[in-house]
Amino acid sequence: MASLYETDFYAWTQQQTQLLEHNLWEKLDLPHLVEELQDLGRRERQELRNRLSVLLGHLLKWQYQPEQQGNSWRATIREQRTQVQLVLSDNPSLKPYLAEALAIAYQLGQDLAVQDTGFDYRIFPVDCPYTLAQILDPAFFPNP
């Protein structure tokens, strides 16, 4: 017999909320609650990686395709920097994860740059050419 968690996730969340609000601890679906809380943490890490990867992809395009530089790329770079800062301010415990996130995000950013420019991967540095300070600096735009 399928549980409410499996058949109607939204109804399950509402039920769990009601049980928590009424201190009905013994009726909580603890295994699924634990799973969902862990998933929330993973999503925050993923959000940080995603924002960094779009930012890095656009910084690479800015540097390696200067003839295409424009307000759209500038706006994307600015937006992603702001979004990264928001994720970090909402989740300060993610700061120690930044180095790992940056390494993953750079690979994803390379993929974005390759897809958008048509350049070969060999054009771009193997390792991220920007420091974290540069990546997050609103005034930093890499030179061609």
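**Helix packing and nonpolar cores in the predicted model**

T76 touches V54 and H58, not counting residues up to four places away in sequence (contact being defined as heavy atoms within 4.5 Å). The structure is a predicted model, in which local features need pLDDT of at least 70 and side-chain atom pairs count only at pLDDT 80 or more, whereas totals for chains, interfaces and linings use all residues. Residues are numbered from 1 along each chain as its sequence is written, and side-chain values use heavy atoms, with hydrogens and water left out.

T76 lies in helix α4; helices are DSSP runs of H or I with at least four residues, numbered from the N terminus. The residue is buried, with a relative accessible area of 18% (buried means under 20%, exposed over 50% and partly exposed in between, for a 1.4 Å probe and protein chains only).

Helices α3 and α4 pack at an angle of about 155 degrees, with their axes 9 Å apart; axes are lines fitted to C-alpha atoms over the stretch in contact, and angles run from 0 to 180 degrees between N-to-C directions. By contrast, α2 (residues 9-21) packs against α3 at about 105 degrees, with the axes 12 Å apart, so α2 is roughly perpendicular to α3. Here F9, W12 and Q16 of α2 meet H32, L33 and E36 of α3.

The largest nonpolar core comprises 27 residues, of which L48, L52, L56, L59, Y130 and I135 touch the most other members. Such a core is a set of buried Ala, Val, Leu, Ile, Met, Phe, Trp, Tyr and Cys residues joined through side-chain atoms within 4.5 Å. Two or more residues each are contributed by α3 (30-64), α4 (71-90), α5 (98-117) and α6 (132-136). Beyond four places in sequence, L48 touches V84, V87, L88, L94, Y97, L98 and A101. A second, separate core has five residues, among them Y5, L19, L28 and L33.

Q63 lies in helix α3 and is buried, with a relative accessible area of 17%. The side chains of Q63 and Y130 are joined by a polar contact of 2.6 Å (a pair of N or O atoms within 3.5 Å; within protein, one must be able to donate a hydrogen and the other to accept it, and residues adjacent in sequence count only if both atoms are side-chain atoms). With neighbours within four places in sequence left aside, Q63 is in contact with Y130, P142, N143 and P144.

Key
Angles under 35 degrees count as roughly parallel, over 145 as roughly antiparallel, 65 to 115 as roughly perpendicular and the rest as oblique.
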